[in-house]
Amino acid sequence: MPERQVRRPLAEQILPALRVVDLEIRDHLAPQTRHILRVDPCLEPRHRGDPDDAPTMALAEFLGPCVIVTQDSVFSRFDFAVSDWIPLAQNLLRLAGLEAGAANALVLIDVAIRMFGAGVQRLAGLAVRNPVLAAAAAAGLLLWGHRRGHLSRGEWRQRLSRVGEAARPPREQGIAAMAEHRAISDSLLVVQPPSYPTVEQLAARYLARCGRSLTPGDLRDALARYGHTVPAAQLKRHMPAHRAFVRATGDVWTVGRPVQGFGDL
């Protein structure tokens, strides 16, 4: 394929979706990245690193947890990479499908509860406005149910048993989906973040995953929802001091800058 045919879709479609994250020197000295920097010839080859790969490892740790997909053996030696990308892509798609199915189920349950609650609320309102009519209707229903045998203990047990049998297949499917989700998650080799991330790491990970620019106040509120208490003033102080963060008009911040031509690749 001629080079000009490749450059056009690359420049117009692919590059605009990418971002370049510039790191500080201290990010290359993080605990896991230091292993990649070890090139002592006295070390065994399986323990020897490669300084050229330090930026990739530093970025993975800065934005982790994440997966490095590469055939470079230096990452595989330290269990930081997946070399066969086809099963990885299949697992990620299956993982996304399981999570989407769980989200859809939660939405349906929420809608059903809301509709049931609205119906009960409307019936309660009618009963309050017409207490005599409501009492007569309730008494009529109880009498009808008693004559039909619907209020007997055996009838209730039989109905509950039917409900339990009907709910068994969805419950088993949910348990199987949870087990599969856990198995796929455990099978992915990821670069784990440190136990105590820095303010820059917390901010960068959220901004990289949310896909939009945020003010320090919005970012503070978003981090608080995940249990991280970081004042907006602290974010204002730390983000300008790190090259990974880019500020736009209106005091909104994002992580990474747009690709400026093919030289950034």
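Student: Where is Asp251 placed?

Tutor: Asp251 sits in the loop that runs between β4 (245–248) and β5 (252–255). Keep in mind that this is a predicted model.

Student: Is Asp251 buried, exposed or partly exposed?

Tutor: Residues under 20% relative accessible area count as buried and those over 50% as exposed. Asp251 has 23% relative accessibility, so it counts as partly exposed.

Student: How are two packed helices described?

Tutor: Two numbers are used: the angle between the helix axes and the distance between those axes. Take α3 (residues 54–63) and α8 in this model: the angle is about 90 degrees and the axes are 8 Å apart. That makes α3 roughly perpendicular to α8.

Student: Which residues make the contact of α3 with α8?

Tutor: From α3 come Glu61, Phe62 and Leu63; from α8 come Glu200, Gln201, Ala204, Arg205, Ala208 and Arg209. By class, this contact has four nonpolar residues, one polar and four charged.

Student: At what angle do α8 and α9 pack?

Tutor: Helix α9 (residues 216–225) packs with α8 at an angle of about 95 degrees, and the axes are 11 Å apart. The two helices are therefore roughly perpendicular to each other. On the α8 side the contact is made by Leu202, Ala203, Tyr206 and Leu207, and on the α9 side by Leu219, Ala222, Leu223 and Arg225. The residues of the contact of α8 with α9 divide into seven nonpolar, no polar and one charged.

Student: Leu219 is in that list. Is Leu219 buried or exposed?

Tutor: Leu219 lies in α9. Its relative accessible area is 1%, so Leu219 is buried. Not counting residues up to four places away in sequence, Leu219 touches Ala203, Tyr206, Leu207, Leu214, Leu235 and Met239. Leu219 and Val252 are 33 residues apart in sequence, and their C-alpha atoms are 9.5 Å apart.

Student: Back to α3. How many of the residues of α3 are buried?

Tutor: Seven of its 10 residues are buried, and α3 is mostly covered. The buried residues are Ala54, Met57, Ala58, Ala60, Glu61, Phe62 and Leu63. They pack against α2, β2 (68–69), α4 (73–77) and α8. For reading such a list, note that an α-helix has 3.6 residues a turn, so residues three or four places apart point the same way.

Student: What about Asp53: is Asp53 buried or exposed?

Tutor: Asp53 belongs to the loop between α2 (31–37) and α3. With a relative accessible area of 11%, Asp53 is buried. Its contacts, leaving aside neighbours within four places in sequence, are Ile36, Asp72, Val74 and Phe75.

Student: Which residues does a cis peptide bond join?

Tutor: Gly64 and Pro65 are joined by a cis peptide bond, with omega at about 5 degrees. Pro65 is in the loop between α3 and β2.

Student: Which residues line the second largest pocket?

Tutor: The lining is Gly64, Pro65, Pro193, Pro197, Leu202, Arg205, Tyr206, Arg209, Leu223, Tyr226 and His228.

Tutor: Helix α8 (residues 199–210) gives the largest share of the lining of the second largest pocket, four residues. By class, the lining has seven nonpolar, two polar and two charged residues. The space in the second largest pocket is about 240 Å³.

Student: Where is Ile184 found, and which residues is Ile184 in contact with?

Tutor: Ile184 is found in helix α7 (residues 153–187). At 8% relative accessibility, Ile184 counts as buried. Leaving aside its neighbours within four places in sequence, Ile184 is in contact with Asn91, Arg94, Leu95 and Leu98. Ile184 and Asn91 are 93 residues apart in sequence, while their C-alpha atoms are 6.4 Å apart in space.

Conventions
Residues numbered from 1 in each chain as written. Predicted model: local features only at pLDDT ≥ 70, side-chain atom pairs only at ≥ 80, totals over all residues. Heavy atoms only, no water. 1 Å grid on protein atoms, 1.4 Å probe; cavity = no way out; pocket = protein on both sides within 12 Å on 5 of 7 lines; lining within 4 Å. Points joined across faces, edges and corners; volume = space filled by probe spheres on them. Nonpolar A, V, L, I, M, F, W, Y, C, P; charged D, E, K, R; others polar. Axes fitted to C-alpha atoms, helices over the stretch in contact; angles between N-to-C directions. Parallel < 35°, antiparallel > 145°, perpendicular 65-115°, else oblique. Contact = heavy atoms within 4.5 Å. Buried < 20%, exposed > 50% of the residue type's maximum accessible area, 1.4 Å probe, protein only.
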